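Me: I would like a close look at one part of this model, and then how that part sits in the whole. Here is the entry.

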Amino acid sequence: MTMAEISAALEPADRAREADEPHSLVVRFGIDKPLRLDAGVDLAPFQIAYQTYGRLNAERSNAVLLCHALTGDQHVFNIHPVTQKPGWWETMVGPGRPIDTERYFVICANVIGGCMGSTGPASTNPETGMPWGLDFPVITVRDMVRAQATLLDHLGIDTLFAVVGGSLGGMQVLQWAVSYPQRVFAALPIAAATRHSAQNIAFHEVGRQAIMADPEWKGGDYRLHQTAPARGLAVARMTAHITYLSEQALQRKFGRALQDRNALGFGFDADFQVESYLRHQGSTFVDRFDANSYLYITRAMDYFDLAGAHGGVLANAFRGTPTRYCLMSFTSDWLFPTRECREIVHALNAAAANVSFVEVESDKGHDAFLLEEPEMFRTLAGFLKGAATARGLKDVP
Amino acid sequence: MNSAIRVDLQLIADMVDPAARALDVGCGDGSLLAYLMNFKRVDARGMELSQAGVNACVANGLSVIQGDADADLRDYPDDAFDYVILSQTLQATREPREVLRQMLRVGKRAIVSFPNFAHWQVRLRLVFGGRMPETPSLPFKWYDTPNIHLCSIDDFRALCADMGVHIERAIVLDRASKPISLPPLLANLLGEQAVFMLRRD
């Protein structure tokens with residue numbers, strides 16, 4: 001696909017409608033119930049779009065909250081309303097799967113700042129009747145978690161059996177266990193860290209600059225101008241996508257193989273398969289994701305610093321925690337490498353917390369947590385089973 | 001649920017009070033952990049050097065992290081556990097004395113088991129065979145053994161005395177891991193391994 005074709009793939013209208021009227025469950029909070037944000041402002045009214053799978057038991061003790069990653073959403077285990085593709089964690093969630101919907105009541109909410117129905121920059125600002133755009137306040141991971149806690153209050157769920165998520169989802173898991181230790185029985189952050197490194201921030205900054213450098217971005221008011229910064233967003237996605245893969249995986253998959261040709265084209269078309277692959281990743285992404293949402297959520301990840309919020313000592317964040325933790329990392333993940341996961345383990349040990357830690361051998365890079373990784377499935381299933389016994393949850397009949 | 005564990009592990013398990021908090025350093029496949037958890041309601045955690053061992057333990061619902069006695073005990077706060085257990089691993093640590101000190105800082109009690117290097121077979125092999133001893137409890141060649149700090153039962157007692165550590169119990173085991181009751185001099189000759197329960201004085 002050429003860059004001209006990418007820019008022609010404008011944001012479809014149904015994609016934009018999804019921000020206000022999502023094809024999922026949604027709960028709306030009025031101006032009497034504002035969401036207090038870390039930026040120091042109240043967000044009201046606001047809404048949270050979510051999906052649930054399985055059934056809540058009579059004791060309300062079998063709820064599992066899934067936290068999605070940067071470009072994920074609440075559609076974990078159903079056909080996605082925009083892409084018409086399967087949910088993002090169908091390998092992990094479902095009947096008989098590690099997160100067994102026969103046993104657990106699974107909830108996943110679109111993050112605040114997202115574009116799939118929870119209030120974000122693509123949502124309509126009730127004061128103007130226009131999309132929020134850059135008038136939307138900057139949100140943090142803690143704000144996302146606070147919004148989810150509001151949803152759980154609404155659902156009448158006091159304690160979560162488990163909170164599970166990878167990447168940004170893992171950051172939310174950590175924030176959940178730190179913000180509401182009494183509400184989280186078990187926490188499973190996967191391929192996560194307690195803060196973004198300079199390199200992480202740098203990659204995100206490249207993505208944001210690509211979006212903002214696109215003349216179609218129009219200072220964030222592209223919907224008003226009926227344009228879309230598709231090129232910028234596609235480049236942001238292409239850059240980020242490289243960070244999700246390991247060098248070995250990229251090399252194994254593409255090497256220097258040529259795309260639909262036998263010789264170099266001596267031009268700037270996608271000669272190499274890897275170029276074609278990245279362009280495809282970029283172009284499909286712009287059809288389903290909002291550029292401003294991308295700015296806000298990447299910012300929230302950059303701002304996340306669990307130790308910083310606890311006097312620079314990570315162990316302080318976990319002091320006295322009753323939550324049992326299971327951390328997982330992947331050997332070839334260079335975005336959230338194992339050593340950062342180990343720092344969390346050390347801090348949890350310093351707090352004498354109940355912690356398990358597994359490094360999964362994989363050459364699939366950061367993305368491994370979304371893929372078929374039998375060892376991850378085994379670990380997660382075993383840990384949840386042990387935790388369920390400790391929690392007194394009944395076995396699947 | 002399997003209630004049968006290795007005899008020496010069973011001895012250690014019997015020393016642990018029900019519902020206590022215990023850390024098993026070098027927990028291997030987690031059989032002692034599982035036993036403590038299932039049959040004694042112990043809040044049992046494990047640390048294991050091999051990642052494969054860790055992954056198997058966690059997949060079985062045990063709380064285990066990858067780590068080693070030399071480096072990772074110092075993360076834990078004082079008195080985090082009622083017992084810190086080190087079974088058949090002390091001789092493989094880089095700094096056994098420091099490991100013991102850390103164990104007794106992190107735990108109110110330490111339970112340590114190790115092979116006795118003064119067992120008569122070991123002595124015979126070295127004195128008359130003129131070769132580095134290989135026995136059922138020390139099955140390695142000199143060049144590939146993980147056991148870099150071997151000691152005898154008497155050596156261990158001397159270290160405890162030097163560290164001012166109180167020996168609450170000492171059990172000497174024969175080849176079949178059966179406890180034998182002998183005066184110290186004979187125990188050091190006939191015991192193939194030993195289990196000590198220690199506490200700070």
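At what angle do helix H6 (residues 230–244) of chain A and helix H8 (residues 273–288) of chain A pack, and how far apart are their axes?

Reply: This is a predicted model, in which local features need pLDDT of at least 70 and side-chain atom pairs count only at pLDDT 80 or more, while totals for chains, interfaces and linings use all residues. Residues are numbered from 1 along each chain as its sequence is written, with chains lettered from A and ligands numbered from 1 in the order in which they are written.

The axes of H6(A) and H8(A) are 8 Å apart, and the packing angle is about 125°. Axes here are lines fitted to C-alpha atoms, for helices over the stretch in contact, and angles run from 0 to 180 degrees between N-to-C directions. Helices (H or I, at least four residues) and strands (E, at least two) are DSSP runs, numbered from the N terminus. The angle makes H6(A) oblique to H8(A); angles under 35 degrees count as roughly parallel, over 145 as roughly antiparallel, 65 to 115 as roughly perpendicular and the rest as oblique. The crossing of H6(A) past H8(A) is right-handed, that is, the near helix is turned clockwise from the far one by less than a right angle.

On the H6(A) side the contact includes Leu233(A), Met238(A) and His241(A), and on the H8(A) side it includes Leu278(A), Phe285(A) and Val286(A). Residues are in contact if their C-beta atoms, placed from the backbone, lie within 7 Å. Sorted by class, this contact has eight nonpolar, four polar and one charged residues. Ala, Val, Leu, Ile, Met, Phe, Trp, Tyr, Cys and Pro count as nonpolar, Asp, Glu, Lys and Arg as charged, and the others, Gly among them, as polar.

Now the setting. Chain A is assigned domain 1 (3–9 + 200–299) and domain 2 (22–197 + 307–391), with bounds from an automatic or database domain assignment. Taken over C-alpha atoms, the domain centres are 26 Å apart. Between the domains, 23 residues of domain 1 of chain A are in contact with 28 residues of domain 2 of chain A. H6 and H8 of chain A are among the helices that each supply at least two residues of the domain 1 side, but the largest share, six residues, comes from H9(A). That side of domain 1 of chain A has nine nonpolar, nine polar and five charged residues.

Chain A as a whole has twelve helices and 14 strands. Along the principal axes, its C-alpha atoms fill a box of roughly 65 × 50 × 45 Å.

How values were computed:
Contact = placed C-beta atoms within 7 Å.
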